[in-house]
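Here is a short note for someone opening this structure for the first time. Please keep the model in view while reading the points below.

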Amino acid sequence: MIPIYVLICTIEDGILRVPGVMCRPTEGVHYVVSWQQSAGLEAYGNLSVPDGSIAAETALLSRPDVTLTTLAGRGLCRNRNHAIHTALSLMPDPLTDAIMVIADDDERLDADAFSRLRTTYGKFPKADIILMRMRNDTNGSYFKHYPPTYTLYGRRPRYYYPSSWEMTFRSRICHTGLLFDERFGLGAEFLCAGEEEVFMHDAVRRGLCAIIAPVDLGSTSPATTGSKVLDPKVLRSKGGVYGYRFSLIVAWLRALHEALSIGLRYRRNPLRLFRHILDGINYIRKVA
């Protein structure tokens, strides 16, 4: 039976929501909870939870299938990479073939999510990454259009974009050096999104096999950074992704198209939007 490591990243009082993410103890499934504290570990005390959270403390520290680790500072990508390294350190053999599942503290995994995972990976032994479906926990609908059949990521429809809470992958991909780019994502210094596209771009560039599967993993909150399209930091993140993925000329053309599109849709000055996107392009091409 292939082991599964669920990597749950949280920050501050989000630790209180983590017990709701976990299913009942299941053979071959281990949870790695990476708890980030922006004020430093001394703010709460190492490997403890905020005052008054007896239920969370019992659920997290008393379950043998849970490893709780802490990380000072901010940056969701830093937190995800910390969780990945922690999971790798728990494996009895560096060459262990395990499945890692990226999770947030506001999602709910289906009761049979793990059997679906193993079945799907069993169908595709050469798959390194499988992107699963997530539903809206408010009404049960899907957040976006998904391909109706198993689809190679390289042949994805134009309407599809990756999200972190869809990501599952074999632990072997970590030995290629693939991690989340810490310049992107929530809590980063200059950008706040785009880490999923960059991660998948790096995966394809490494020759990894990625598949979009019409298989449900669970449900999550509908709130996303994608809904804040006019936020300068979100616009800079778009530029950062363009600057990372494309040549300078193509990045500029995409930035112009995006600025005109958003400006027309929201009746905003496209030149101001264009400037924010360019800031992201320039940033990512200068910061190694």
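1. A definition first: buried means under 20% relative accessible area, exposed means over 50%, and partly exposed lies in between (1.4 Å probe, protein chains only). This is a predicted model, in which local features need pLDDT of at least 70, side-chain atom pairs count only at pLDDT 80 or more, and totals for chains, interfaces and linings use all residues. Residues are numbered from 1 along each chain as its sequence is written, and side-chain values use heavy atoms, with hydrogens and water left out.

2. Aromatic pairs. The whole structure holds 10 of them. Rings of Phe, Tyr and Trp (its six-membered ring) pair if their centres lie within 6.5 Å; planes under 30 degrees apart count as stacked, over 60 as edge-to-face and the rest as tilted. Tyr142 and Tyr146 make an edge-to-face pair, 5.7 Å centre to centre with 80 degrees between the planes. Tyr146 is buried, at 11% relative accessible area. Tyr142 is partly exposed, at 35%. Together with Tyr160, Tyr142 and Tyr146 form one aromatic cluster.

3. A stacked pair. Phe180 and Phe199 stack at 4.4 Å centre to centre, with 20 degrees between the planes. Phe180 sits in the loop between strand S8 (167-170) and helix H5 (195-205), and Phe199 in helix H5, so the pair ties together parts 19 residues apart in sequence. Helices (H or I, at least four residues) and strands (E, at least two) are DSSP runs, numbered from the N terminus. Both Phe180 and Phe199 are buried.

4. Charges over rings. The test is NZ of Lys or CZ of Arg within 6 Å of the ring centre and within 35 degrees of the ring normal. The charged end of Lys144 sits over the ring of Tyr161, 4.0 Å from its centre. The charged end of Arg156 sits over the ring of Tyr153, also 4.0 Å from its centre.

5. Ile102. This residue belongs to strand S4 (residues 99-104). Ile102 is buried, with a relative accessible area of 1%. What does Ile102 touch, not counting residues up to four places away in sequence? Its contacts (heavy atoms within 4.5 Å) include Leu7, Trp165, Phe169 and Phe180.

6. H7 against H8. Helix H7 (residues 248-266) and helix H8 (residues 270-286) pack at about 150 degrees, their axes 8 Å apart. Axes are lines fitted to C-alpha atoms, for helices over the stretch in contact, and angles run from 0 to 180 degrees between N-to-C directions. H7 and H8 are therefore roughly antiparallel. Angles under 35 degrees count as roughly parallel, over 145 as roughly antiparallel, 65 to 115 as roughly perpendicular and the rest as oblique. Among the contact residues are Trp252 and Leu256 of H7 and Phe274 and Ile277 of H8.

7. H6 against H8. Helix H6 (residues 232-245) and H8 pack at about 50 degrees, with axes 6 Å apart. That makes H6 oblique to H8. The contact includes Leu235 and Tyr242 of H6 and Ile277 and Ile281 of H8.

8. Positive phi. Arg267 has a positive phi of about 55 degrees although it is not a glycine. Arg267 lies in the loop between H7 and H8 and is exposed, at 77% relative accessibility. Glu12, not a glycine either, has a positive phi of about 55 degrees. Glu12 lies in the loop between strand S1 (4-11) and helix H1 (18-21).
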